Amino acid sequence: MDFLQTMTALMRVLAVLILLVMLRLPAVKAMPISLIVVGVLSVMVWKVPLIRVVAASIEGLMIAVSILWIVFGAILLLNTLKHSGALETIRFGFSHISSDRRVQVIIIAWLFGSFIEGAAGFGTPAAIAAPLLVTLGFPALAAVSLALIADSSSVSFGAVGTPLIVGVDQGLRQGADIAAPVQQGLQGQAMTEYIQGVAQSAVMMDLFIGTWIPLILVIMLTKLFGENRSIKEGLEVWRFALFAGLSFTVPAFLVATLFGPEFPSIIGGLVGLAIVVPAARKGFLLPDQAWDFPKIEEEEGTGEVVAMVERMPLHKAWVPYILVALMLVITRLEILPFKQWLQSVKVQWDDILGTGISTSFEPLYLPGSLFFVAMILTILYHRMNRKEVKRTITTSASSMLGSVVALGAAVPMVRIFINSGVNEADLLSMPMELAVLVSEAVGGAWPLVAPVIGALGSFISGSATFSNMMFSLFQFSAADQIGLSGQSVISLQVLGSNAGNMVCILNVVAAASVVNLVGREGEIIRITMVPMLFYVVSAGLIGTWFLYMM
């Protein structure tokens with residue numbers, strides 16, 4: 001690549017960093033500008049046919065619709081619970097577990113969020129955990145940022161193992177067949193066994209990384225959002241935070257080792273909740289004094305809480321979220337017929353404009369549809385009147401405008417970037433050219449860089465599954481060239497894709513939309529960037545030790 005081509009390949013990353021993070025433009029302005037710049041450079045510099053850029057943009061718009069449906073469903077359910085009074089009851093209920101905000105963020109963002117990630121994935125945990133935290137009195141910026149950071153270790157096994165079962169599996173194939181170098185490396189081993197080995201390796205390394213995430217959450221909470229801006233106040237609960245970290249990572253490790261990649265996050269989250277919630281009630285490993293915010297910043301939240309003469313029973317308030325969790329699980333299990341039924345309804349466009357680009361989504365299978373069902377049942381169960389229902393729908397719809405613009409531009413930009421492999425400049429796709437550029441520069445230090453590639457993939461594509469799909473074969477080939485275990489290096493790719501999940505613009509915009517923070521995406525990325533770098537660097541160092549020292 002020459003200089004101009006390199007800048008074009010980097011533009012997807014540079015656009016976000018310059019426009020959102022440095023210039024602090026809102027996503028509703030930054031993303032359309034970025035889309036135009038990337039589209040023009042793709043045609044003029046990368047020599048991608050215009051028809052292919054248009055087709056990739058159409059593909060992106062269809063994907064954006066599926067993401068927006070998830071966001072809209074989450075907002076609808078949130079506003080339904082707010083106007084029925086359920087959220088006020090949930091807030092009261094958490095005060096009986098612990099009034100300490102540090103404990104609350106661990107239970108909701110880390111453990112409950114990990115369970116939701118395991119069941120649904122694709123940005124759903126932050127869309128549920130962030131508004132719950134806001135309900136408890138967290139500033140919206142804190143709620144979104146911490147929910148995104150917490151949604152990291154569990155991503156390896158999100159949506160019932162999709163990043164591994166679909167992402168890595170498809171990433172190691174060329175067409176329908178396993179790529180020739182991978183077939184050689186398998187040495188007769190079945191692909192399912194190989195992927196389970198990747199899962200075991202990834203979760204073993206994550207024992208040394210993910211376990212620290214709850215401590216990072218509470219340190220960032222007290223340092224960035226506390227009255228004293230104190231790291232020490234976060235460190236006061238270090239024993240409880242590590243205990244909560246292990247309560248997820250150890251069960252996840254055992255499940256991945258014994259049973260495979262489908263259920264580590266689901267079971268790890270449930271086991272963690274079963275262990276940590278009773279411990280928090282008893283004050284186990286917690287200091288005597290609870291930590292709280294100096295004041296509740298209501299202007300940042302999702303709105304006022306409905307005043308109630310009589311608070312509804314706690315179990316009644318939690319029923320909608322329990323229903324969502326149950327529906328997410330039973331509709332993702334292969335042994336039950338619901339998944340097949342819901343996936344039978346498909347919106348699909350094959351060979352868009354004759355370019356070979358195809359896309360589809362299953363509207364009934366998306367979490368947004370389950371949120372909608374939960375909303376209807378909540379209206380009936382909580383006996384909401386017509387005025388409350390109308391207010392819920394109106395408020396939810398009006399809050400979506402910024403998200404429609406931001407995601408409607410961001411996702412097509414991503415798809416142009418990914419589909420740039422067909423061009424007249426004799427170049428690979430932009431993400432692959434960037435990966436090759438990095439690999440040529442580092443040589444034998446590849447284990448340090450492999451997680452960076454994974455994170456870059458998630459940041460670019462908005463999905464750990466897509467990151468693994470883009471780069472698994474490349475990671476395998478790089479490992480093969482320098483004589484390292486392809487399985488271990490792909491595990492580092494998986495861990496890197498987890499880290500990139502914290503900062504990818506699609507997740508950030510979606511989560512910000514749910515708590516009415518559209519326009520502040522750059523602030524969120526600046527906060528989540530630090531733990532993302534910790535995760536990537538830690539994975540690289542631990543991976544190097546595993547590969548060269550063991």
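Predicted model: local features only at pLDDT ≥ 70, side-chain atom pairs only at ≥ 80, totals over all residues.
Leaving aside neighbours within four places in sequence, which residues is Leu-20 in contact with? Residues are numbered from 1 along each chain as its sequence is written, and side-chain values use heavy atoms, with hydrogens and water left out.

**Figure 1. The protein chain has 25 helices and four strands.** Helices (H or I, at least four residues) and strands (E, at least two) are DSSP runs, numbered from the N terminus. Roughly 70 × 50 × 50 Å is the box that the C-alpha atoms fill, taken along the principal axes. Of the 550 residues, 60% count as buried, meaning under 20% relative accessible area (1.4 Å probe, protein chains only).

**Figure 2. Leu-20 meets residues from several parts of the sequence.** Contact means heavy atoms within 4.5 Å. Beyond its sequence neighbours within four places, Leu-20 is in contact with Ala-15, Leu-25, Pro-26, Ala-27, Ala-30, Met-31, Ile-505, Glu-521, Gly-522, Ile-525 and Arg-526.

**Figure 3. The largest nonpolar core holds 182 residues.** Such a core is a set of buried Ala, Val, Leu, Ile, Met, Phe, Trp, Tyr and Cys residues joined through side-chain atoms within 4.5 Å. Leu-20, Met-31, Val-105, Ile-107 and Val-182 touch the most other members. Helix α3 (residues 50-84) gives the largest share of this core, 15 residues.

**Figure 4. A second, separate core has five residues.** Leu-76, Met-375, Met-384 and Val-389 are among them.

Technical notes: Buried < 20%, exposed > 50% of the residue type's maximum accessible area, 1.4 Å probe, protein only.
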